[in-house]
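Subject: Structure handover

Hi,

Here is the structure I promised. Please open it alongside this email; my notes follow below.

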Amino acid sequence: MGQHEARAADGSVDTEKDTGVLAPRQTALLWLACAAQFMVVLDVSVVNVALPSIQRALGFDAAGLQWVVGSYALVFAGFLLLGGRLADLYGRRRVFLWGLALFSASSLVGGLATGPGLLVAMRAVQGLGAAVLAPATLTILTTTFPEGPGRTKALAIWTAVSSAGGAAGNLIGGVLTDTLSWRWILLINVPIGAVAVLAALRLLPADHSRTTSGRLDVPGAVLATLGVTALVYGVNQAGTQGWVGLTTLTGLAVGAVALAAFAVTEARHTAPLMPPRLVRLRPIWAGNITMLLAGGCFIPMWYFLSLYMQEVLHYGALATGVGFLPHTLVGIAASRLAPAVMERTGARGLIVISALLSAIGFLWQSSISTDSGYVDGLLGPAIVMSAGMGLLITPITTTVTSGIREQDAGAASGLMNTTRQLGGVIGLAALVTLATADGGAGLSYTAVFLATAAVCAGVAVMALALPAPRDGRDEGVARRR
């Protein structure tokens, strides 16, 4: 126990003792992956506070403005499965560079856009670059660090950076928009991307021939992308058209049919985009369902708290960003603590504990009213919720990526990223429907946070389906025994 096979840059396999101490090259690769992931997650939310400025500058109408956010989210979610498998087929270094180049170039063109159409198109291309890049960052980590304390520590840092990117989006967007211009929320990616490309060329080993077939599963890629994109589109339309609206039902129906056809295709294809044997593994199917539920809790949280601060507390864009600082700092601190806690509780135990802690935080948050202030209405729940969030994602990610063969690492990463995004999209649409169900002018924040607390409790229950420590998959507890 504690001895692992590590693949060196020349492709050879060495046996080394994993003590949890990262080598300098491992540390450099970790921060390269984290920088790329930070850009991807940041751009999901960074445009939110800049939308009024973008509308005035480029002449968006109300219907078109939503696509500045929606085009990125739609393409990002739709292409994640394909993006994850590309790294398995064509090499991590090559695909990572493709994603960086696409993301940075579209950020440059989008930041210089003079009309609505070009900006929306470039946001969609950004989403495509992000869908290639995000799974590649996780694949780099899972193939650089063997299973054990080192990988858990790396995943905890990656999770903390991901959380910081999502939480910091409002703050960074507000600062850039107020001090420079809305264009800099996109242009800032260009120098960061250029540095990341240079670092990747230096740090990532050259790609070797793959053990799997180099042929891309084109039918599977088309069906998976169509299915997830249509499903996300249908769920998004539910927020404006209702769940029985024509566009909603059409999107959901097309998505369901395409995903069913995808499952049939994968079972028959010799080199499938998503190997059925992978999905049948208990850590994969149970871990991804757990991640789906977790995404449905945490991604919508930023949306509703942002609205509360701006509509009820009447904060401006920058003040709202500052208001999220406790969430960000506590989440980062909890993420860094996750490996140490996992050593005592195991991954499954930590998922249960952190999900219940999050449920308590959301239950506390449901007590806010129009008379609540920041300190008495938001600060206390923020500490509890964010502690639960920060502790939760690392053990789920560790579980989903454990025991996966190197040639399937990209597919597993793409699937996990997809389920997390789908959970957020579906959760947000469902909670918006719940928040407006009473027909009043305002949102029912109490109903939203009570429902979110219930879903967090569901995460804890779902965690019981994950492999137990006695199954030999939970290294932290196994070593202690």
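Of the chain's 481 residues, 56% count as buried, meaning under 20% relative accessible area with a 1.4 Å probe, protein chains only. This is a predicted model: local features need pLDDT of at least 70, side-chain atom pairs count only at pLDDT 80 or more, and totals for chains, interfaces and linings use all residues. Residues are numbered from 1 along each chain as its sequence is written, and side-chain values use heavy atoms, with hydrogens and water left out.

The chain has 18 helices and two strands. These are DSSP runs numbered from the N terminus: helices are H or I, at least four residues, and strands are E, at least two.

Now helix 12 and its partners.

Helix 12 (residues 282-312) and helix 15 (residues 374-400) have axes that come within 10 Å and cross at roughly 155°. Axes are lines fitted to C-alpha atoms over the stretch in contact, with angles from 0 to 180 degrees between N-to-C directions. Helix 12 is therefore roughly antiparallel to helix 15 (over 145 degrees). Their contact has 18 nonpolar, five polar and no charged residues. Nonpolar covers Ala, Val, Leu, Ile, Met, Phe, Trp, Tyr, Cys and Pro; charged covers Asp, Glu, Lys and Arg; the others, Gly among them, are polar.

The axes of helix 12 and helix 14 (residues 325-365) come within 11 Å and cross at roughly 40°. Contacts (heavy atoms within 4.5 Å) include C297 and W302 of helix 12, and H327 and F362 of helix 14.

Best wishes

Note on methods:
Angles under 35 degrees count as roughly parallel, over 145 as roughly antiparallel, 65 to 115 as roughly perpendicular and the rest as oblique. Buried means under 20% relative accessible area, exposed over 50%, partly exposed in between (1.4 Å probe, protein chains only).
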